[in-house]
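Take a walk through this structure, one region at a time. Keep the sequence and the 3D view side by side.

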Amino acid sequence: MPHKNPLDPESPAFVSTGILRGQVTTFYQPYRGIRGVALELAPGNMNTLSDTTGAFTLRNIPEGEYTLFARHKSFASDSMRITVERENSARLTFQLDALPKITGLTGRTFHVNNLPPEENVDFALFEARVEDPDGRADIAKVWMQIEGNARTDTLRETSQTGVYDLKLFGNDFANGSLHSILGRRLRFMASDRLGKRSTIEELLLFRIIDPPPEILSPKERAPADSIRPKLAWTRLPSTFAFTYHVRVERIASGIPTLVWERMAIPEAETFVRVDRALARGEHRWTIAVVDEFGNTSTSTPAAFVVR
């Protein structure tokens, strides 16, 4: 009698199959299940997704040797070689390492004019916000590479949770200027303790504000016009939107202490009057230009005396 039932082992159409069951969890304790992991069997092009507990099942797999891949965009991929045997239900476990992710990135330039003998300073400040589902302790390194430059600079962890920063000065470069990196792609990456890397995030610096605004009066230790002095400067001609930021410091025993400041002064203004009485003695003040992205250029300090 012919055997035509494909479930009959003696049938020519019979295919011996097995089942794969398993779970995908996080790499570290408490080993939480990961939902939405793509499980792909090769060869054969069989696939499924893990459920809310990380569990998965693949059925009716012909006997043989395969590679099972586990992939998720937020985790490092993994794979394992397996053997499927007839009527055998294998149980497998993947533990996937969560990838660090750069969730925020800023870059600002600063030009600061100093009094001699100190030199003027140009620097750029970069800040990266980095997250890792495996915990902040799993973030091993955050770094930046400059397009067309072999150097790599490491960002340091700040006191603010998940924030890393890097300060680069103009004299860090061969030509002594930050202008060499304007318009170049700055590539930021993070890696974890297992060496797994985040996707690359890019940033462009496009402006260094130079020269800074020029102070008109008071300066050179001239007497102020009152205990609430008028501070005047030359309007900075520019093709971009900006505001002014004025700071006044009192000098006592050679130590400066901030006593007054005014931010977000409209670019059309050329003076401001201090709206509180200043103590008698020596003071100094600066005016800075700040654009909408936080790029800043600060004048040389000017001294005056309140009598």
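Which residue in β21 is the bridge partner of lysine 230? The partner is arginine 273. Before going on, note that this is a predicted model, in which local features need pLDDT of at least 70, side-chain atom pairs count only at pLDDT 80 or more, and totals for chains, interfaces and linings use all residues. Residues are numbered from 1 along each chain as its sequence is written, and side-chain values use heavy atoms, with hydrogens and water left out.

Strand β18 covers residues 230-234 and pairs with β21 in the antiparallel sense, over 3 bridges. Strands here are DSSP runs of E with at least two residues, numbered from the N terminus. Two strands pair if DSSP finds at least two bridges between them. The sheet is open and holds 3 strands, in the order β16-β18-β21, with antiparallel pairing. β16 (214-217) and β21 (271-273) stand at the edges. Each has a single partner strand, so one side of each is left without a neighbour in the sheet. From one strand to the next, the twist averages 25° (axes are lines fitted to C-alpha atoms, and angles run from 0 to 180 degrees between N-to-C directions). Strands of a sheet pair through backbone hydrogen bonds, either parallel or antiparallel.

Now move to β5. Strand β5 (residues 64-72) pairs with strand β2 (residues 38-42) in the antiparallel sense, over 5 bridges. Here alanine 42 stands opposite threonine 67 in β5. Strand β6 (residues 75-84) also runs antiparallel to β5, and 8 bridges join the two. Histidine 72 stands opposite phenylalanine 75 in β6. The link between β5 and β6 is a hairpin through 2 residues.

Setting aside neighbours within four places in sequence, glycine 64 is in contact with Ile82, Thr83 and Val84 (contact means heavy atoms within 4.5 Å). Arginine 247 is 183 residues from glycine 64 in sequence and 76 Å from it in space, C-alpha to C-alpha.

Serine 191 lies in strand β14 (residues 185-192). Serine 191 is buried, with a relative accessible area of 10%. Not counting residues up to four places away in sequence, serine 191 touches several residues, among them Pro100, Trp143 and Arg197.

Next come the pockets. A pocket is an open set of points on a 1 Å grid over the protein atoms alone, with protein on both sides within 12 Å along at least five of seven lines; lining residues have an atom within 4 Å of a point. The largest pocket has a volume of about 530 Å³. Of the 20 residues that line the largest pocket, Val112, Arg247, Thr286, Thr298 and Pro301 are the closest to its centre. Elements giving two or more residues to this lining are β19 (242-252), β22 (281-291) and β23 (296-298). β22 gives the most, with 5 residues.

The second largest pocket holds about 210 Å³ of space. Its lining includes Lys73, Ser74, Pro100 and Glu201.

Notes
Helices (H or I, at least four residues) and strands (E, at least two) are DSSP runs, numbered from the N terminus. Buried means under 20% relative accessible area, exposed over 50%, partly exposed in between (1.4 Å probe, protein chains only). On a 1 Å grid over the protein atoms alone, a cavity is a set of points where a 1.4 Å probe fits but cannot get out, and a pocket is an open set with protein on both sides within 12 Å along at least five of seven lines; lining residues have an atom within 4 Å of a point. Grid points are joined across faces, edges and corners, and a volume is the space filled by probe spheres set on the points.
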